[in-house]
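Me: I would like to learn how to read a structure like this one. Could we take it feature by feature?

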Amino acid sequence: MFQRFRQLWASRWRAGIVLASLALLASCAAPTWSARVTSYEQWPPDAAGKTYHLVSQQEKAGNLEYETFADMIRANIGRTGLVEAAAGQKARFTVSFEYGNPISQAWVQQYADPYFYNGYGRWGGYPGWGWGGGVYYAPPVVNVPVQVYKNSLTVIITDNARKNVEVYRSSAVSTSDHDNLPAVMPYLARAVFDGFPGNNGQVRVISYERQH
């Protein structure tokens with residue numbers, strides 16, 4: 001009878017894990033996207049209508065991915081009031097950007113696999129009531145490592161009329177459990193100019209509806 005009870009409990013435990021996994025997948029497909037945005041600004045009052053050049057890092061010149069991301073920044077920079085200068089034309093401002101999505105390790109909590117601990121009765125956990133009555137021992141919660149991609153974009157604007165001093169620097173950072181930087185870059189490019197120019201040293205969490 002004890003063996004039957006253990007099998008019944010294990011099957012229900014696995015069912016609970018399946019439901020939890022489905023809930024996790026649903027959260028991953030959340031309708032909104034969020035990022036942490038940090039901005040610094042000393043924006044000049046006479047900048048509206050002035051021109052800018054978006055310069056490429058020398059090692060990224062000709063890189064199609066880099067140029068695609070540059071176009072995404074151009075599509076969102078209108079909030080600054082700046083206008084892109086024609087090729088060969090002198091510009092008041094210089095715009096540059098940096099991006100990346102390094103992998104880091106994070107820790108999440110989950111219930112331990114009962115079979116890893118040789119089944120019922122080996123956990124030494126906390127007693128509670130089972131689904132069908134009776135006492136069982138709850139599986140321990142363990143910390144497990146997961147890989148996290150830290151998607152980031154930093155845009156820097158310098159003022160050539162003031163000896164190339166920085167007048168705007170904004171960084172947007174979001175995390176994901178898989179490598180999807182091209183998919184999130186349009187949101188990052190939008191986020192770095194959100195509420196431009198904002199307050200110096202401002203840190204915010206910004207959310208947008210996902211576009212399908």
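Me: Over which residues does pLDDT stay under 50, and how many contacts beyond four places in sequence does the model have for them?

Reply: This is a predicted model, and where pLDDT is low, the predicted coordinates should not be read in detail. Here pLDDT stays under 50 over residues 8–28, and the model has 18 contacts for them beyond four places in sequence. Residues 117–126 also have a pLDDT below 50, with 25 contacts beyond near neighbours in sequence. For the protein, the average pLDDT is 79, and 68% of the residues score at least 70.

Me: Is alanine 189 buried or exposed?

Reply: Buried means under 20% relative accessible area. Alanine 189 counts as buried because its relative accessibility is 0%. This residue lies in helix 3, where Leu181, Val184 and Met185 are among the other buried residues.

Me: What is alanine 189 in contact with, leaving aside neighbours within four places in sequence?

Reply: Alanine 189 is in contact with Met72, Ile73, Asn76 and Leu153. As for the helix, the buried residues of helix 3 pack against several elements, including helix 2 (64–76) and strand 8 (141–159).

Me: In which sense do strand 2 and strand 3 pair?

Reply: Strand 2 (residues 51–54) and strand 3 (residues 83–84) pair in the parallel sense, over 2 bridges. Tyrosine 52 stands opposite glutamate 84 in strand 3. Strand 2 also pairs with strand 4 in the parallel sense, over 3 bridges; histidine 53 has threonine 94 of strand 4 as its bridge partner.

Conventions:
Residues are numbered from 1 along each chain as its sequence is written. This is a predicted model: local features need pLDDT of at least 70, side-chain atom pairs count only at pLDDT 80 or more; totals for chains, interfaces and linings use all residues. Side-chain values use heavy atoms; hydrogens and water are left out. Buried means under 20% relative accessible area, exposed over 50%, partly exposed in between (1.4 Å probe, protein chains only). Helices (H or I, at least four residues) and strands (E, at least two) are DSSP runs, numbered from the N terminus. Contact means heavy atoms within 4.5 Å. Two strands pair if DSSP finds at least two bridges between them. pLDDT is the predictor's confidence in each residue, from 0 to 100.
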